[in-house]
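Q: I would like to learn how to read a few features of a model, one at a time. Could we go through them with the structure in view?

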Amino acid sequence: MAGRTRGARRGLGTYLVVGPFAILLAFPFYWMLVTMFKEDLDLYNAENVPYVYNPVEWKFWESATTKHVEFLFTDTSYPDWLVNTALVGAAVVLITLVISLPAGYALARLSGSWGQTAGIGIFLVYLIPPTLLFLPLSPLVARLGLQNSLLSLILVYPSITIPFSTWLLMGFFKTIPQELEDAALVDGCSRIKALLRIVFPISLPGILTVVIFAFSLCVNEFIYAFTFISSTENRTISSGVPNELIRGDVFFWQSLMAATLIPSIVLALLYNAFLDRFIKGFTGGAFR
Amino acid sequence: MLAPLLIAPAVIYILLVVGIPFGWAIYLSLTDAIGGSLTGNWVGLDNFTNAWQDDNFRKALRNTLIFTIGSQAIVLVGAAILSHYLIREFRGKWLIRLLIILPWAAPVALGTLGWLWIFDSLFSVINWTLGHVFGVVDSSDPPQWLGRPNLALLAVIIVHAWRILPFAVIIFLAGLASIPSEVDDAAKIDGATGFKKLFYVTLPLQLPIALVALLFGIVFTAADFAVVYVLTAGGPFNSTQMLTTWSFQIGINSGSLGEGAAISLYLFPLLAMVSVAMLFFAKRAQVS
């Protein structure tokens, strides 16, 4: 009895702490949601309560509108940017997997304590940020004839995703018992076969986690996307939305907020679904 | 024999796409190369000394430090509190967690656009709320969040803390999850509960991974370009100019590639120290 009331009180305390944090952190997204359906006359009237939809000239049935969202998809290059982002993301994920899967496995299994050091070494590359590299990379990309081409991003982004993915995969592979593999070897599988038939299928959730995180790193990246790509139709969302949807001093706030909210929600749902595995992989690597 | 073969592609890719540009950045910083070219005349350390003597550079260096320390202080306190509660099970945890990771999942340049609208000079929801609900702001002359030097610096600090906090929470959760339950039981038997347990048991055990979160946070913040560029572009009057935005200004906008590279390389000692510290703590966490 006493334990139950204490439990309930503790539960309430939890909500009192996490609730305000959640509201503060998510507020900008609530704000995007409210803004994207507003009429201009409502949005740009400083006397209106901004949190709700105010009827324009008492026509309450016309308080909210989807026209700015439609504008985004029919009159801007936003759909192109979505496609470009997906293309770049898919290609980078593929390159990342081809290179990180064997490396992560080798670092986890085949090379002992030396592997741990090499793993941390590769991971440290993640700490050389794009802001240090974009200045030499942009003329290099131009010299290769790749300026204003999505190929430039496809080639450069794996330098961000490979270190992180290799680290995560190393963590996942370590959690798979060595005995399982040995059994396959005894049964006459070659090591490569054991890898393809036993290890990779078991690690599928981990591999999916890497796919999600590599993809979202690509969607997130700003400075390369901004400096390598110059024409409107070749941009990705992260450089297209801030650079092309704002014309001088004219902000299409409703369309801008729609353009921002849509990918954010999709990525957050994916993140949330794979968060527990991500945490396991992150600690599996070094903090066991 | 197989291991080096499996790791080689990752190492080669990173050497090509990170190593070469990094070496090139160092080379460029020692030349008078201008925009679009890959070579220049050797000028020794002139670019570094010229940058150092420039008031704007000093300002950028100072701002980078304030920006990094300020936002990381908020992040660490917030993450320590939040993770302590989020590790528990409670109803609606899925939704709360989704709301909390939104700022990290959202593409950084796009999330920042949401804040650009929140800080708008005429229709800021913050000013409306402060003026109409709390009555602490004069609605005819509201604070210009992005138009006043000190407020603008505060704004970029807040936005970056908002973005990094969910990431730090994830790392903290990973650290908490790796504390074995035996420790919990032992603490209970010894009568350590509540704050006592937090200070004498949980926090000390969490220290190594908290430091990892901090080191990551320092790198992400000091190397950030997107938040500052989208929110203020370094203004007003260079009051939010960072090393990254200043190197972009000099290296791309003014076309002094060599000096831009030198400015961005001033970040490197900081990042190198962080990397060494990270190696040290990763090793220690492994031993314990």
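Q: Which residues of α4(B) are buried?

A: A residue is buried if 20 or more other C-beta atoms, placed from the backbone, lie within 10 Å of its own; in α4(B) the buried residues are Ile96(B), Arg97(B), Leu99(B), Ile100(B), Ile101(B), Leu102(B), Pro103(B), Trp104(B) and Ala105(B). This is a predicted model, in which local features need pLDDT of at least 70 and side-chain atom pairs count only at pLDDT 80 or more, whereas totals for chains, interfaces and linings use all residues. Residues are numbered from 1 along each chain as its sequence is written, and chains are lettered from A in the order in which they are written.

Q: Where does α4(B) have a kink?

A: The bend at a residue is the angle between axes fitted to the seven residues ending there and the seven starting there; in α4(B) a kink of about 30° lies at Leu99(B), shortly before the proline Pro103(B).

Q: At what angle do the axes of α3(B) and α9(B) cross?

A: Two packed helices are described by the angle between their axes and the distance between the axes. With axes as lines fitted to C-alpha atoms over the stretch in contact, and angles running from 0 to 180 degrees between N-to-C directions, helix α3 (residues 55-86) and helix α9 (residues 194-222) of chain B come within 10 Å and cross at roughly 145°.

Q: How many residues of chain B are in contact with chain A?

A: Two residues are in contact if their C-beta atoms, placed from the backbone, lie within 7 Å, and 80 residues of chain B are in contact with 75 residues of chain A. The largest share of that side of chain B, 15 residues, comes from helix α1 (residues 2-29) of chain B, where helices are DSSP runs (H or I, at least four residues) numbered from the N terminus.

Notes: Helices (H or I, at least four residues) and strands (E, at least two) are DSSP runs, numbered from the N terminus. A residue is buried if 20 or more other C-beta atoms lie within 10 Å of its own, exposed if 12 or fewer, and partly exposed in between; C-beta atoms are placed from the backbone.
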